[in-house]
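I opened the notebook to look up the charged pairs. The entries follow the display.

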Amino acid sequence: MAGNTRRHNPVPVSDLVSGIIDPVLARRAGITSSLLQAWDEVVGDRLASQSRPEQIRWSRRADDDDPFEPATLVIACEAIAALHLQHETTEIIARVNAFLGYSAIGRIRIVQKPVSQSPKPSKKAKTLSPEQAASIARKVADVEDSGLREALERLGRNVVSSRK
């Protein structure tokens with residue numbers, strides 16, 4: 001009985017899709033699905049609803065010895081958001097670079113065009129019992145990074161409240 005039995009663990013569809021789509025996005029636009037998915041966290045809800053990253057344009061290097069030059073991030077946005085984006089380019093560059101983990105972006109190019117966003121589902125207030133909230137807080141208490149700890153706590157609240 002112990003021989004050919006193989007167990008398959010379930011894999012989230014998003015992991016399968018990003019494994020297929022990321023190489024295509026990287027080749028075509030120099031961008032990954034993780035940046036697209038996290039765009040509202042990177043630039044904030046106000047700008048994310050009216051913009052999206054379109055492309056990362058890397059300058060061509062003639063030789064491997066040429067110095068690294070940061071890329072240009074092309075952002076498509078609604079006309080009304082262009083001025084806000086322009087005023088916040090320094091902050092956006094810093095946030096995108098922090099998200100990517102290195103100084104990849106040096107400039108932003110804004111392209112005005114309609115940005116179709118699917119309507120975000122309304123965020124319902126998720127209520128947890130004090131015991132559930134305390135349990136989640138205990139589980140993430142050892143995480144040193146406060147941002148990561150808060151994100152894990154939000155995830156825990158969402159998982160527990162979705163089970164109701």
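Is Glu 153 buried, exposed or partly exposed? I found Glu 153 partly exposed, at a relative accessible area of 24%; buried means under 20%, exposed over 50%, and partly exposed in between, with a 1.4 Å probe and protein chains only.

Notes on the source: I am working from a predicted model, where local features need pLDDT of at least 70, side-chain atom pairs count only at pLDDT 80 or more, and totals for chains, interfaces and linings use all residues. Residues are numbered from 1 along each chain as its sequence is written, and side-chain values use heavy atoms, with hydrogens and water left out.

Entry on helix α8. I noted a salt bridge (a side-chain nitrogen of Lys or Arg within 4 Å of a carboxyl oxygen of Asp or Glu) between Arg 157 and Glu 153, at 3.7 Å from N to O. Both lie in helix α8, residues 146-162, four residues apart. Helices (H or I, at least four residues) and strands (E, at least two) are DSSP runs, numbered from the N terminus. Arg 157 is partly exposed, at 33%.

Entry on helix α6. I found Glu 91 and Arg 95 in a salt bridge, with their closest N and O atoms 2.8 Å apart. They are four residues apart in the helix, about one helical turn.

Entry on strand β1. I looked up Glu 54, which meets Lys 113 in a salt bridge of 3.1 Å, N to O. Glu 54 is in β1 and Lys 113 in the loop between β3 and α7, so the pair ties together parts 59 residues apart in sequence. Arg 52 joins these two in a network of salt bridges.

Tally: I recorded five salt bridges in the structure.
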